[in-house]
Amino acid sequence: MSAMFRIGQGYDVHAFGEGDHVVLGGVRVPHERGVVAHSDGDVVIHALCDAMLGALALGDIGKHFPPSDPQWKGADSRAFLRHCNALVRERGWQVGNADVTVICERPKVGPHAQAMRELLAQDLDITLDAVSIKATTTEKLGFTGRGEGIAAMAVCLLVKP
């Protein structure tokens, strides 16, 4: 019997560095720091890509877009998401829903969550009510609590259309 659904989870983290914004879910969010990353460092999309790839047992984002490859330097992570979605679709699946939690003290995610949801739903070709963006702090504990970086966790459900 073949499964009618698959679940994947993903996690990504980037240290803060020079810059004046971070990219989260495809949205440029003003911040007093940027992130240290080979691409645009979008932890939301990177975690979601890993969740999608994991549900298909296709490895992780680094396998598909290695940081050692100069063509991905400064890349827009939305291209990664669209590629992962194409892999999902080529195998006869679609994203049923996606749930992402951003972990940081700052920047504040709430004011940008709706725009993130809209871009992710567009790139995944799913309805807005199937995409969730949440945020939490670590109560000033750990690297995110000290303001040294930002992280995201994602889970997605793949379904047979």
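Of the 161 residues of the protein chain, 48% are buried, where buried means under 20% relative accessible area, exposed over 50% and partly exposed in between, with a 1.4 Å probe and protein chains only. The model is a predicted one: local features need pLDDT of at least 70, side-chain atom pairs count only at pLDDT 80 or more, and totals for chains, interfaces and linings use all residues. Residues are numbered from 1 along each chain as its sequence is written, and side-chain values use heavy atoms, with hydrogens and water left out.

The protein chain exposes about 7900 Å², an area computed by the Shrake-Rupley method with a 1.4 Å probe. Carbon and sulfur atoms supply 56% of this area. The chain carries 16 positive and 19 negative charges, and their mean positions are 2 Å apart. Lys and Arg count as positive and Asp and Glu as negative; His and the chain ends are not counted. Each charge is placed at NZ of Lys, CZ of Arg, CG of Asp or CD of Glu.

Five helices and seven strands make up the secondary structure of the protein chain. Helices (H or I, at least four residues) and strands (E, at least two) are DSSP runs, numbered from the N terminus. Their order from the N terminus is β-β-β-β-α-α-α-β-α-β-α-β. The radius of gyration of the protein chain is 15 Å, close to the 15 Å that the globule rule gives for 161 residues, so the chain is as compact as a globular protein of that length. This radius is taken over C-alpha atoms, and the rule is 2.2 Å times the number of residues to the power 0.38. The C-alpha atoms fill a box of roughly 50 × 35 × 25 Å along the principal axes. Among contacts (heavy atoms within 4.5 Å) with a separation of 6 or more, 71% join residues 24 or more positions apart.

Helix α1 spans residues 43–55. Its 13 residues reach 18 Å from first C-alpha to last, close to the 18 Å expected at 1.5 Å a residue. The expected span is 1.5 Å times one less than the number of residues. Helix α1 is mostly covered, with 12 of its 13 residues buried. Among them are V43, H46, D50 and M52.

Helix α3 covers residues 77–90. Its 14 residues reach 20 Å, close to the 20 Å expected. The buried residues of α3 include F80, L81, C84 and L87. Their cover includes α1, α2 (61–64), β5 (94–103), α4 (113–124) and β7 (149–159).

N85 lies in helix α3. N85 is buried, with a relative accessible area of 6%. Beyond its neighbours within four places in sequence, N85 is in contact with M52, V95, D123, L124 and D125.
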